[in-house]
Amino acid sequence: MRVDFDPESLGAGAFYRLLTAVVVPRPIAWVSTLAADGTTANLAPHSFFTVACTDPPIVQFTSVGRKDSLRNVEATGEFVVNFAPEPLLGQINATGTDFPADEGEFDAVGIEREPSLRVKPPRVAASPVALECRLHSTLGIGNSTLVLGRVVHAAVREDVVVDGHPDVRRLRPLSRLGRDEWGTLGEVHDLARIAYRDWPPS
Ligand SMILES: Cc1cc2nc3c(=O)[nH]c(=O)nc-3n(C[C@H](O)[C@H](O)[C@H](O)COP(=O)(O)O)c2cc1C
């Protein structure tokens, strides 16, 4: 037996809560941007986030509604995706507060910043990875806007790199689940993909 949910009869709000409970775990892009005047540094978590293209490298996040992050990206054409690690949970959540546009989350929450190498928005100093992005395009869909950004630089903190590769156990990623739930890294399994020429596996 299954329980059926019809998006039409449930309505957008309730179906959104269902969707975010079953599309899990979601990685969190902690997006930093600069306001058009270059003064206010904005920071907000976005869990509708993934890789959109590998060549060129493009990542995407979705703004549900029109928010400061989206407005800033549209105005400046730049943003940084800061990695969201477990030790920074409280700060990441605090930057999801709906501060007014002229009150930047870096200052309001007390988050240390550092300059980016290739773009103007600052990075979060305590985050182990920064993906510096230039706006590729946006796509309006219903009540949301998909933001695609070309990654022009990746800065990875030395202590999370093992044998030249970012190590997930050192990165300690947070994820977003349903409701107000957050996830941390569970067990990690190593299992190589099976090529068709080796099918069936012995
Ligand atoms: C973990 C987490 C994930 C979130 N993911 C999204 C998201 O994917 N898209 C979105 O529009 N808002 C998302 N939000 C809400 C925004 O972070 C929130 O509306 C924030 O105030 C937007 O800030 P801004 O106006 O400075 O851009 C999320 C909040 C949290 C705490």
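Strand 3 contributes the most residues to the shell around the ligand, namely 4. The model is a predicted one, in which local features require pLDDT of at least 70 and side-chain atom pairs count only at pLDDT 80 or more, while totals for chains, interfaces and linings use all residues. Residues are numbered from 1 along each chain, as its sequence is written. Helices (H or I, at least four residues) and strands (E, at least two) are DSSP runs, numbered from the N terminus.

The ligand is surrounded by 18 residues, the closest being Ala44, Lys67, Asp68, Ser69 and Gly96. Two or more residues of this shell come from each of strand 3 (41-46), strand 5 (57-64) and helix 3 (68-76). A residue is near a molecule or strand if its C-beta atom, placed from the backbone, lies within 6 Å of it. By residue class, the shell around the ligand holds 5 nonpolar, 9 polar and 4 charged residues. In this division Ala, Val, Leu, Ile, Met, Phe, Trp, Tyr, Cys and Pro count as nonpolar, Asp, Glu, Lys and Arg as charged, and the others, Gly among them, as polar.

Two strands are taken to pair if DSSP finds at least two bridges between them.

Strand 4 and strand 5 are joined by a hairpin through 2 residues, and they pair in the antiparallel sense over 5 bridges. Thr54 has Pro57 of strand 5 as its bridge partner, and Thr50 stands opposite Gln60 in strand 5. Strand 5 is also joined to strand 10 by 7 bridges, the two running antiparallel. There, the bridge partner of Ser63 is Thr145 in strand 10.

Within strand 3 lies Asn42, which is buried because 24 other C-beta atoms lie within 10 Å. A residue counts as buried if 20 or more other C-beta atoms lie within 10 Å of its own, as exposed if 12 or fewer do, and as partly exposed in between, with C-beta atoms placed from the backbone. Leaving aside residues up to four places away in sequence, Asn42 touches Ser32, Thr33, Ala35, Asp68, Ser69, Asn72, Gly104 and Glu105. Contact requires that the C-beta atoms of two residues, placed from the backbone, lie within 7 Å. Asp68 and Ser69, among these contacts of Asn42, are also among the closest residues to the ligand.

A further open sheet consists of 3 strands in the order 1-13-14, with antiparallel pairing. Its edge strands are strand 1 and strand 14, each of which pairs on one side only. Strand 1 and strand 13 pair in the antiparallel sense over 2 bridges; Arg26 has Arg176 in strand 13 as its bridge partner.

Two cis peptide bonds may be described. The bond from Val24 to Pro25 is cis, with omega near -10°, and Pro25 is found in the loop between helix 2 (12-22) and strand 1 (26-27). Trp199 and Pro200 are likewise joined by a cis peptide bond, with omega about -5°; Pro200 is in the segment after strand 14 (182-183).

Positive phi values occur in residues other than glycine. Asp163, with a phi of about 50°, is found in the loop between strand 11 (161-162) and strand 12 (165-166). Asp163 counts as exposed, because it has 5 C-beta neighbours inside 10 Å. Phi of Arg172 is near 50°, and Arg172 is in the loop between helix 6 (168-171) and strand 13 (175-176). Arg172 is partly exposed, with 17 other C-beta atoms within 10 Å.

In an unreviewed entry, UniProt lists residues 21-176 as "domain: Flavin reductase like". UniProt positions are given in the numbering used here, feature names are shortened, and annotations may be inferred rather than shown by experiment. The end C-alpha atoms of residues 21-176 lie 9 Å apart, and the span is 17% helix and 45% strand.
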